Amino acid sequence: MAGRTVRVRGLPAELPPDRVADKLTIHFLRSRNGGGDIAELQVLPGPPPCALITFEAPEVAQRILKLRDHVLVIGGARYPLEVTWHAAELSPDEVLRG
């Protein structure tokens, strides 16, 4: 999954995680937002909440990161999103086995 996963911050904490996940899926599937097919999406509880989105292709993650102004619109409210690479943290055992 390396190179295909992004971390999204700036999510509305007052909304249920499943609703946020639906809105994120719609936003990041749209080609006008640089999006594409999503392999997995997880909304992690906060505070503050964030999401991990893994795309089917690494090119999609790269396009998402190049577009700076991601704004999630839910019920008329606008939530500016911060999108960064997600680097999975390895345990010392995994580093030594590698």
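## Basis of the model

Because the structure is predicted, local features are given only where pLDDT is at least 70 and side-chain atom pairs count only at pLDDT 80 or more, whereas totals for chains, interfaces and linings use all residues. Residues are numbered from 1 along each chain as its sequence is written, and side-chain values use heavy atoms, with hydrogens and water left out.

## Overall fold

The protein has 3 helices and 5 strands, and from the N terminus its elements follow the order β-α-β-β-α-β-β-α. Helices (H or I, at least four residues) and strands (E, at least two) are DSSP runs, numbered from the N terminus.

Of the 98 residues, 35% count as buried, where buried means under 20% relative accessible area, exposed over 50% and partly exposed in between, with a 1.4 Å probe and protein chains only. Among contacts (heavy atoms within 4.5 Å) between residues at least 6 apart in sequence, 61% join residues at least 24 apart.

## The sheet

The 5 strands make an open sheet in the order S2-S3-S1-S5-S4, with antiparallel pairing; two strands are taken to pair if DSSP finds at least two bridges between them. S2 and S4 stand at the edges with a single partner strand each, so one side of each has no neighbour in the sheet. From one strand to the next, the twist averages 25°, the angles running from 0 to 180 degrees between N-to-C directions of axes that are lines fitted to C-alpha atoms, for helices over the stretch in contact.

S1 is joined to S3 by 5 bridges and to S5 by 4 bridges, also in the antiparallel sense. Arg7 illustrates both pairings, as this residue stands opposite Leu52 in S3 and has Thr84 as its bridge partner in S5. S4 and S5 pair over 5 bridges, and Val71 has Pro80 as its bridge partner in S5. The hairpin of S4 and S5 has 2 residues between the strands, and in this hairpin Gly75 takes a positive phi near 60°.

## Helix H1

The 13 residues of H1 should span 18 Å at 1.5 Å a residue, and the end C-alpha atoms are 18 Å apart, which agrees; the expected span is 1.5 Å times one less than the number of residues.

The buried residues of H1 are Val20, Ala21, Leu24, His27 and Phe28. These residues cover an arc of only 130° around the axis, which puts them on the same side of H1, the arc being that of the directions from the helix axis to the C-beta atoms. They pack against S1, strand S2 (38-44), S3, H2, S4 and S5.

Leaving aside neighbours within four places in sequence, Phe28 is in contact with Val8, Gly35, Gly36, Ile38, Ile53, Phe55, Ile64, His70, Leu81 and Val83.
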